[in-house]
Amino acid sequence: MTRHKRKPRIKWSSVYQWHRMIGLTAALFVIMLSISGWLLNRTDNMELDKTFIQTSWLLDWYGIKPPSAIISYQVGGHWISQLGDRLYIDQDNIEGHYRQLIGAIQIDQYLVVAVTGQLLVLSRTGELIEKLEGSHGVPAGMRKIGIDQLDRIIIRSSHGFYITDQEFLSWDERQKADAVWSVPQLPPPDLYDSLVERYRGAGLSIERVLLDIHSGNILGSWGKVLVDTMAVLFLLLAISGVWLWAKRKR
Amino acid sequence: MKKTRYIVCCLLCAVMQPAPVAAKGEYQQPQDFIKESFSGQVPEPQLFWITKQYKRSITEILGHRPSSLRLRYWRRQQKSVWVLSEIGKEKDITVGIVINGDQIEKIKILVFRESRGWEVRYPFFTEQFSRAKIKSNNQLDKTIDNITGATLSVRAVKKLARLALYLSKHSRNNHDAP
């Protein structure tokens, strides 16, 4: 008598158990990914890239600390300061990222701030009038900015002196020039504290945090392992779900 | 013999690395672009003040308030040259634009700082702007094809093209500071 070998049958009830367990395990991550994904798709509308985290513990988690050094110049009743790559006029951020604050002067109705490679022309109320660069005649290698006896702007660069007018329409190169040069000063302590707080509070956007939550990066390399594991579980969920549906249909 | 050929091919493939494609970078210094546009005879720069009269239209063109109160440009007769910057995704793209009469003569990406979307610097894209004008609603009178994967860069360049045409049109009446 021949005994026919039975094919091993997958117990669909155990597949169902696994499907349920994986589903419950993954539920929290599905919700987290869905919400973060939905929000990320609306970054522009909700300006999430322009809204910044102020919570201390989260800033600490990201290691966002202000630089220890501050450079400040007092000019025209204002303080021009640099912390990291950010510039401030008093407590207000001047939009953009800058390398090195070189000096600041007041000439007529303008405040002129020299940073590496640029001159920023501000109104007396701190509004940005114009940013000038090499294409506008700003000399390379600026070291100092000052005003001469004739109330002209003088720039000392690595290869000479440059005199310009208030509108920066022409530049005159000289070998020597006398000027009252802009000199850095220590800002008042309350201004320093305020700037430190502002610097930290503008370092981490909501978009960045959402991207890191969505990718698992917020937990470092372990977060990525976790997200990858969830991806595998979602795959198993999809496969087992389709299998169960097909089984029920039969 | 077949095996030898296969080994040689593998070795050649391993040795011949694809040349890295230049992405972000400075393609031309703005001052060189200006000089080239005026065949070496660069006129004195002039100032365009963004007064209340122009602020609304410029805000509509850029999709945000202008970041400065005045812009610098160079003009000789019908030709004006503008060096303008606009953020693509996160960083500025600096573009040189030559306007002749009421149309774009030339547009060139001078500095590209983003890590993607740099395809906008190629002539296949920039030549689309040749002879473009603006209509009364400050939109370009030509369709500019998008580049997949460079949408934000394309958008930024289109904004700057419109802005340069608008500024050139109004620059003859704009002389006085506010």
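# Reading cores, contacts and surfaces in a two-chain predicted model

User: In the largest nonpolar core, which residues touch the most other members?

Analyst: A nonpolar core is a set of buried Ala, Val, Leu, Ile, Met, Phe, Trp, Tyr and Cys residues joined through side-chain atoms within 4.5 Å. Buried means under 20% relative accessible area, exposed over 50%, and partly exposed in between (1.4 Å probe, protein chains only). Here the largest core has 38 residues, and those touching the most other members are B:Leu84, B:Ile97, B:Ile104, B:Phe129 and B:Leu167. Elements giving two or more residues to this core include strand 4 (79-87), strand 5 (92-100) and helix 5 (151-171) of chain B. Helix 5 of chain B gives the largest share, 10 residues. Helices (H or I, at least four residues) and strands (E, at least two) are DSSP runs, numbered from the N terminus.

This is a predicted model, in which local features need pLDDT of at least 70 and side-chain atom pairs count only at pLDDT 80 or more, while totals for chains, interfaces and linings use all residues. Residues are numbered from 1 along each chain as its sequence is written, chains are lettered from A and ligands numbered from 1 in the order in which they are written, and side-chain values use heavy atoms, with hydrogens and water left out.

User: With which residues is B:Leu167 in contact, leaving aside its neighbours within four places in sequence?

Analyst: Contact means heavy atoms within 4.5 Å. By that rule, B:Leu167 is in contact with B:Phe48, B:Ile58, B:Leu71, B:Trp82 and B:Leu84. A second, separate core of 21 residues includes A:Tyr110 and A:Ile145 as well as B:Trp49 and B:Leu69.

User: How many residues does the contact take from chain A and from chain B, and what area is buried between them?

Analyst: The size of an interface is often given as the accessible area lost when the parts come together. Buried area is the accessible area (1.4 Å probe) that two parts lose on being put together, summed over both. The contact takes 15 residues from chain A and 16 residues from chain B. The buried area is about 1300 Å², with carbon and sulfur atoms giving 47% of it. On the chain A side, A:Ile129, A:Ser135 and A:Leu169 supply 38% of the area that this chain buries against chain B, more than any other three residues.

User: How many salt bridges does the rule find across the interface?

Analyst: A salt bridge is a side-chain nitrogen of Lys or Arg within 4 Å of a carboxyl oxygen of Asp or Glu. The rule finds 4 across the interface of chain A and chain B. A:Glu167 forms a salt bridge with B:Arg70, and their closest N and O atoms are 2.5 Å apart.

User: Is B:Val111 buried or exposed?

Analyst: B:Val111 counts as buried because its relative accessibility is 11%. B:Val111 lies in strand 6 of chain B. Beyond residues up to four places away in sequence, B:Val111 touches B:Gly25, B:Glu26, B:Asp92, B:Ile93 and B:Thr94. In chain B as a whole, buried residues make up 44% of the 178 residues.

User: What is the phi of A:Asp90?

Analyst: Most residues other than glycine have a negative phi. A:Asp90 has a positive phi of about 55 degrees although it is not a glycine. A:Asp90 is found in the loop between strand 3 (86-89) and strand 4 (92-94) of chain A, and counts as partly exposed at 25% relative accessibility. A:Asp108, another residue other than glycine, has a positive phi near 55 degrees.
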